[in-house]
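Me: I'm new to this one and would like to go through it slowly. Could you show me the structure before we start?

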Amino acid sequence: MRELGEYLKQMRVAKGLSIEDIAEATKISVEYIVALEEGNFDILPAEIYVRGFIKSYGELLGADLDDLFSRYEAAKPKPKARRIFSGAPKEPPPYEPPIKKQKVGKKRVIPRRISITPGRIIGLIVLILIIVVAVKLIMGKKPAAGPPVTNINDVVESDTGKATESRLA
């Protein structure tokens, strides 16, 4: 990547731009621009971001993007090959007898303990009071104290008694 970095730096200097000018125009941090120009891959983020940086930097300088990306492809570090097969056969895991299934019975339900706290006691008392008041309101007021009226003759006698008392008074 050194070749790409030198090329970008030469173009930047030829245009009379500083690294800060490039950073401000492309919104790429100064640290990444310096890393691009020096070919320092350890500092640069993932490849997708590096490609975006090269594109922005190249467009600002008016460079041929195909040329920049071909230089990048030639200079970027090759991914390390992973060793899939080491050549030495691995021993199979030791034999373990299968686990016997146990008979499944009814699950035992363990009730949870309910803790009695002062807040719960007060809440219970308030709930009982609300129920008592609701029952009183639903039932309404009881009739006035006195013997219940059972037939019409009792009503007539009570009215007659009241009328004679009021005349005497």
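Reply: Let me begin with a definition, since it will come up again: a residue counts as exposed when its relative accessible area is over 50%, as buried when that area is under 20%, and as partly exposed in between. Please also keep in mind that this is a predicted model.

Me: Okay, so with that in mind, is G62 buried or exposed?

Reply: G62 has a relative accessible area of 59%, so G62 is exposed. G62 is found in the loop between α4 and α5, the latter covering residues 65-75.

Me: And how far is G62 from K15 in sequence and in space?

Reply: Along the sequence G62 and K15 are 47 residues apart, while their C-alpha atoms are 9.9 Å apart in space.

Me: Let's step back a bit. How many helices and strands are in the chain?

Reply: The chain has 7 helices and 0 strands, and reading along the sequence gives the pattern α-α-α-α-α-α-α. Of the 169 residues in the chain, 15% are buried. The accessible surface comes to about 15,000 Å², and carbon and sulfur atoms account for 61% of that surface.

Me: What share of the contacts joins residues at least 24 apart?

Reply: If you take the contacts between residues at least 6 apart in sequence, 54% of them join residues at least 24 apart.

Me: Now the helices themselves. At what angle do α3 and α4 pack?

Reply: Helix α3, residues 30-38, packs against helix α4, residues 47-61, at an angle of about 90 degrees, and their axes are 11 Å apart. Angles of 65 to 115 degrees count as roughly perpendicular, and therefore α3 is roughly perpendicular to α4.

Me: Which residues make that contact?

Reply: On the α3 side the contact is made by Y32, I33, L36 and E37, and on the α4 side by V50, F53, I54 and Y57. Sorted by class, the contact of α3 with α4 has 7 nonpolar residues, no polar ones and 1 charged residue.

Me: E37 is in that list, so is E37 buried or exposed?

Reply: E37, which sits in helix α3, has a relative accessible area of 5%, and E37 is therefore buried. The side chain of E37 has a polar contact of 2.7 Å with the side chain of R12, and another polar contact, of 2.4 Å, joins the side chains of E37 and Y57.

Me: What about E38?

Reply: E38 also lies in helix α3, but at 46% relative accessibility E38 counts as partly exposed. E38 and L8 are 30 residues apart in sequence, with their C-alpha atoms 9.8 Å apart in space.

Me: Switching topic: where is T26, and what does T26 touch?

Reply: T26 is in helix α2 and, at 14% relative accessibility, counts as buried. Leaving out residues up to four places away in sequence, T26 touches I33, S56, Y57 and L60. A polar atom of the T26 side chain also lies 2.7 Å from the backbone oxygen of I22.

Me: Last one: what is phi of K27 near?

Reply: Phi of K27 is near 65 degrees, which is a positive value in a residue other than glycine. Most residues other than glycine have a negative phi. K27 is placed in the loop between α2, residues 19-26, and α3, and with a relative accessible area of 72% K27 is exposed.

Key:
Residues are numbered from 1 along each chain as its sequence is written. This is a predicted model: local features need pLDDT of at least 70, side-chain atom pairs count only at pLDDT 80 or more; totals for chains, interfaces and linings use all residues. Side-chain values use heavy atoms; hydrogens and water are left out. Axes are lines fitted to C-alpha atoms, for helices over the stretch in contact, and angles run from 0 to 180 degrees between N-to-C directions. Helices (H or I, at least four residues) and strands (E, at least two) are DSSP runs, numbered from the N terminus. Angles under 35 degrees count as roughly parallel, over 145 as roughly antiparallel, 65 to 115 as roughly perpendicular and the rest as oblique. Contact means heavy atoms within 4.5 Å. Ala, Val, Leu, Ile, Met, Phe, Trp, Tyr, Cys and Pro count as nonpolar, Asp, Glu, Lys and Arg as charged, and the others, Gly among them, as polar. Buried means under 20% relative accessible area, exposed over 50%, partly exposed in between (1.4 Å probe, protein chains only). Accessible areas come from the Shrake-Rupley method with a 1.4 Å probe; for residues, only the protein chains shown count as cover. A polar contact is a pair of N or O atoms within 3.5 Å; within protein, one must be able to donate a hydrogen and the other to accept it, and residues adjacent in sequence count only if both atoms are side-chain atoms.
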